[in-house]
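Please find below a colleague's note on the structure shown here. The points are meant to be read with the model open.

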Amino acid sequence: MLLIITYSRAARQTLRNICTMHETCVVRRFGRAALLQSTELGAFLALRLYEKHGADVQLERTEPLNEFRDVPETVRSAASAYEKRDKPSTPYEKFAVGTEHPSPDSMRNAEL
């Protein structure tokens, strides 16, 4: 997918117009940002916006996260267990102490 982020009022208006005129190419709209399909039309629309507004537009190529392929089992189980904790106010750092769950420090710099 193509992520388009706008940083000016004029660029946001142009993005809204693009999304309205090319609904079939739009995956999702977020106000000042949008996800477009990774097609030649999506790229054309993104580059057209960039040509018109320059630095007020940021373009990125994204890919969906497949939690089973991309995320280690230890991280998936830690997230699940943390969401099922007894006290919702317990921060993860305290929750993980004394368990097999990874610490925030160990996850912070670990690449997926």
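1. Basis of the note. This is a predicted model, in which local features need pLDDT of at least 70 and side-chain atom pairs count only at pLDDT 80 or more, while totals for chains, interfaces and linings use all residues. Residues are numbered from 1 along each chain as its sequence is written, and side-chain values use heavy atoms, with hydrogens and water left out.

2. The model has an open sheet of 4 strands in the order 2-3-1-4, with antiparallel pairing. Strands (E, at least two residues) and helices (H or I, at least four) are DSSP runs numbered from the N terminus, and two strands pair if DSSP finds at least two bridges between them. Strand 2 (26-29) and strand 4 (57-61) are the edges; each has a single partner strand, so one side of each has no neighbour in the sheet. On average, neighbouring strands are turned by 20° against each other, direction ignored.

3. Inside the sheet. Strand 1 (residues 2-6) and strand 3 (residues 33-36) run antiparallel and are joined by 4 bridges. Leu3 has Leu35 in strand 3 as its bridge partner. Across strand 1, strand 3 and strand 4 lies helix 2 (residues 40-53), which runs at about 155° to strand 4. Such angles run from 0 to 180 degrees between N-to-C directions, with axes fitted as lines to C-alpha atoms, for helices over the stretch in contact; contact means heavy atoms within 4.5 Å.

4. The cores. A nonpolar core is a set of buried Ala, Val, Leu, Ile, Met, Phe, Trp, Tyr and Cys residues joined through side-chain atoms within 4.5 Å. Buried means under 20% relative accessible area, exposed over 50%, and partly exposed in between, with a 1.4 Å probe and protein chains only. The largest core has 14 residues, of which Ile4, Leu15, Cys19, Leu36, Leu45, Leu49 and Val57 touch the most other members. Strand 1, helix 1 (9-21), strand 3 and helix 2 each give two or more residues to this core, and helix 1 provides the largest share, 4 residues. A second, separate core of 5 residues includes Ala78, Tyr82, Tyr92 and Phe95.

5. The cysteines. The structure holds 0 disulfides. Cys19 is buried at a relative accessible area of 2%, and the value for Cys25, also buried, is 2%. Cys19 touches Val26, Arg29 and Ala34, leaving aside residues up to four places away in sequence.

6. The aromatic rings. There are 3 aromatic pairs. Rings of Phe, Tyr and Trp (its six-membered ring) pair if their centres lie within 6.5 Å; planes under 30 degrees apart count as stacked, over 60 as edge-to-face and the rest as tilted. Tyr82 and Phe95 have ring centres 5.4 Å apart and planes at 65°, so this pair is edge-to-face. Tyr82 lies in helix 4 (residues 73-83) and Phe95 in helix 5, so the pair ties together parts 13 residues apart in sequence. For Tyr92 and Phe95, the centres are 6.1 Å apart and the planes at 40°, so the pair is tilted. Ring pairs link Tyr82, Tyr92 and Phe95 into a cluster.

7. A loop residue. His101 is in the loop between helix 5 (92-96) and helix 6 (104-108). Is His101 buried or exposed? His101 counts as buried because its relative accessibility is 13%. Residues that His101 touches include Ser77, Tyr92 and Phe95.

Conventions. Disulfide = S-S within 2.5 Å.
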